[in-house]
Amino acid sequence: MRTDLVVIGAAFSYLALLFMVAAWGDRRAEQGRSLIGSPTVYALSIAVYCTAWTFYGSVGRAAQFGPSFLLIYLGPTLAMLLAPFTLRKMVRIAAQQRITSIADFISARYGKSSLLGALVALMALITITPYIALQLKAITVSHAVLMNYPLSADATLATERFWSDRSFWIAMVLAVFIILFGTRHLDASERHEGMVAAIAVESLVKLVAFLAVGIFVTFVLFEGPAALFAQAAAMPELANAMRLESVPGGATGWVGMLLLAFLAFLTLPRQFQVLVVENVDEQHLIRASWLFPLYMLLINLFVIPIALAGLLLDAGDPDSFVLTLPLSAGLEGLPLLVFIGGLSAATGMVIVETIALSTMVSNQLVMPLLLKVKGLYIGSHGKLADWLLGIRRIAIVVILLMGYLYHALIGDTYSLVTIGLVSFAGVAQFAPALLIGLYWRGATRQGAAAALVAGFIVWFYTLLLPGFAQSGWLDSALITQGPWGLAWLSPYALLGLTGWDIYTHSLFWSMLCNVGLLVGVSLFTRPTPLEQTQAALFTGAMHPDLHTTSLWRGETTEGALHALLIRYLGSTATERVFTQHGSLNKTQPASSALITRAEQALAGSLGSASASVLINSVLRGEALDVASVMSILDTTSQTLEYNRRLEQKSQELARVGKELRSANERLRELDRMKDEFVAMVSHELRTPLTSIRSFAEILRDTPDISDDKRHQFLAIMVQESERLSRLIEEILDLARLESGRFTMSPQPVDLVVLARQSSDALARLHQEEALTFELVVQPETAMVEADPDRLEQVIINLLENARKFAHHTHPEIMLSVEAHEDHFRLSVDDNGPGIPEEEREHVFEKFYQLQRNGHSSPQRPKGSGLGLPISRAIVLHLGGKMWAEASPLGGTRMSIELPAQLDK
């Protein structure tokens, strides 16, 4: 039975469970067994992005605009895919500089500007108040639906007083929870272990609740997704509502909503809190980059089925389909589980958002004002620290009351998703100062301030102000006719830009002003020395060799620093800083490292801007001047550039060294081949010359030698002279080849005739050596375009090589001519030992020679090692090719292939 007592009891029992989980998480942290050290817990805490908007509003938006709700989740998915380039850098900067909030982050980037931090905090407070109101509205409406179904929730809420509004009392309970587990320590950069553990549990609860109602609707109310979609397809109005064309603004709306979700995911204060401030290990981003998108896929898996089912069954307000569908089936337990799931989604967002906003209020709005009132911090022993915690706790209550007031006064005008998108567009104004500041060192404080103000004004005019008009607080003519009747100033059609959905319209104009002023003003303003230093630290944060440098040149004593920390942080935090340093000597000058640690401790509690002011107040001297800061920047830049160049030079040297070693090995091989060639040529020249000289001396010294002997000796001298001429001719051919002066006289030649002539020229030599020779000619004629003398020289050279390397006891040679496609091929085969495959190309290199292997020991073959290189060059000049391969006879086959002569 659904009674108010049961529902309220279940809600507050669930909140009590959160108290227990948070207390358990804090207790484990104190014992050194942190829960948030798990990347899974970290990924689940990021799911605080999925608020009551996701739980109720996504179904409502899907029922109205089809698949457009997906864009709200595709944006964060894109952001997580880019986590190694953006989020990882933000996490590392936050850890190095003890960042406490997104306002503190932007303030620190632009020279720790307290004005800029206050501006961001104030904007966040205004833009997030509607979002907190969204969660409270979701709690109020869901409770009314649960208790009064089938009556309309609006009918019951119209007469309800605020003290009867369950969301008011739940807000107060949440205030107690946040005060207990979100403000236990002044140091806001410390992790809220219990709170993060509770948020992770809430993420699981809302996921289970949404999947439960999705499974019930799809498989119980209908007979599976096929039956559900078939019924929807039978109704044309439903089928058309689920088409891509139903997205407001068309293609422009798709792009605008995707960009809006992407920017909001990075700049929402609660997302910055869980993504950056609560991160304990940047490696957790690796798992979160796929686990968080998977979570969003699961929680949105049944959005369209629930929306279609609600429309088919006419289940009332689309924002309440998740509750009204199980209620219409007469269930009791499932609607209560759904209510707890929605409560979980809403409270998770409120908890984290309120902690982030209260930190910004105390550090960026209140603390700078306190620093201007001298008499307020003269006390000692952490009195002001306790007071600051009290301010932060008061801010929590005030923020929740502001959210409730917005919900009570204006929230009924908008649907859940509409309220959320208004806040999305507001916080997106932080993105240019945040993201551009991460990568562009030239962005300045003045540019960031002008950009934020301009973007905020445009957002307020184009989205928030029309909300007041729709609520009746302003004349509705502001929307329809524009102010003073000027239609071109209409908030939803600024400067006549129509046809776009209101969120893309607002995002376009606000980003145009925001980015334009950030870049334009930065180009015409000069950053302060501290801005330049912070810009270098932020833009170069991912470099492994970048170290944080002390920014202070002034002097102070350890005692002065100790007194400052005691006054603002209390004794416990102060002793932790000085324990790392060593023993305290109050009169000893403080080192730059101790000053830096003290500033970081103050920054973690009070924000970077206030910490900078306080440290400066106890220093004798001043912060680094322009020259000193530029020196630091130059040194850092020069170090980074030197490391980059050194690495580049090392790679170049390694590559050049490898090339030099290869060239050296080649030169050694060429030198060896040259020495062998010189030795061989010397030997070849000396042999015929020695023979000629010997026989000439015999003829000179023996005048009475017989005629037969004289004729024999003269014949030998002529033969050796011819041998000498051939060797000289080969060397000359080589010189002509290398100089490009090798000329030929191509003409039609029958390759068959040349083959026969060449074999006939060597026939007697073959007979003397008992060599088996076979001529195989397939075509009768083989006409090619060639120089007959040069081509015959090639054929004879191949036959001579085959004779040299044929088997030493039973030598065989085969000369063949055959047609091959549009070429003629001439091959010379022998039955010698053959050429190893890896050496077949080497034999065509100059001076390269193979050793003749047979039964006897290896010996150098007769020749210069130039025949084959010269032969291949001749064939190439004739437009052919030449190669070596294995022969069917068992030795080597040398082949040449020339194009067949075309018939004229």
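Predicted model: local features only at pLDDT ≥ 70, side-chain atom pairs only at ≥ 80, totals over all residues.
**View 1. Helix H2 meets helix H15.** Here we look at H2, which covers residues 39-46, packing against H15, residues 284-299. Their axes sit 8 Å apart, at an angle of about 45°, so H2 counts as oblique to H15. The crossing of these two helices is right-handed. On the H2 side, the contact is made by Pro-39, Thr-40, Tyr-42, Ala-43, Leu-44 and Ile-46. H15 brings His-284, Leu-285, Arg-287, Ala-288, Leu-291, Phe-292 and Tyr-295 to the contact. Sorted by class, that gives 10 nonpolar residues, two polar ones and one charged one.

View 2. Thr-267 belongs to helix H13, which spans residues 250-267. Is this residue buried or exposed? Thr-267 has a relative accessible area of 0%, so it is buried. Its side chain reaches the backbone oxygen of Leu-263, at 2.7 Å. Leaving out residues up to four places away in sequence, Thr-267 touches Ile-102, along with Val-427, Ala-428, Phe-430, Ala-431 and Leu-434.

**View 3. Gly-194 in helix H10.** Now to Gly-194, found in H10 (residues 193-221). With a relative accessible area of 0%, Gly-194 is buried too. Which residues does Gly-194 touch, not counting those up to four places away in sequence? They are Ala-22, Gly-25 and Asp-26. Look also for Met-20: this residue and Gly-194 are 174 residues apart in sequence, yet 9.1 Å apart in space, going from C-alpha to C-alpha.

Note on methods:
Residues numbered from 1 in each chain as written. Heavy atoms only, no water. Axes fitted to C-alpha atoms, helices over the stretch in contact; angles between N-to-C directions. Helix = DSSP H or I, 4+ residues; strand = E, 2+ residues; numbered from the N terminus. Parallel < 35°, antiparallel > 145°, perpendicular 65-115°, else oblique. Left-handed = near helix turned anticlockwise from the far one by under 90°. Contact = heavy atoms within 4.5 Å. Nonpolar A, V, L, I, M, F, W, Y, C, P; charged D, E, K, R; others polar. Buried < 20%, exposed > 50% of the residue type's maximum accessible area, 1.4 Å probe, protein only. Polar contact = N/O pair within 3.5 Å; in protein donor to acceptor, adjacent residues only side chain to side chain.
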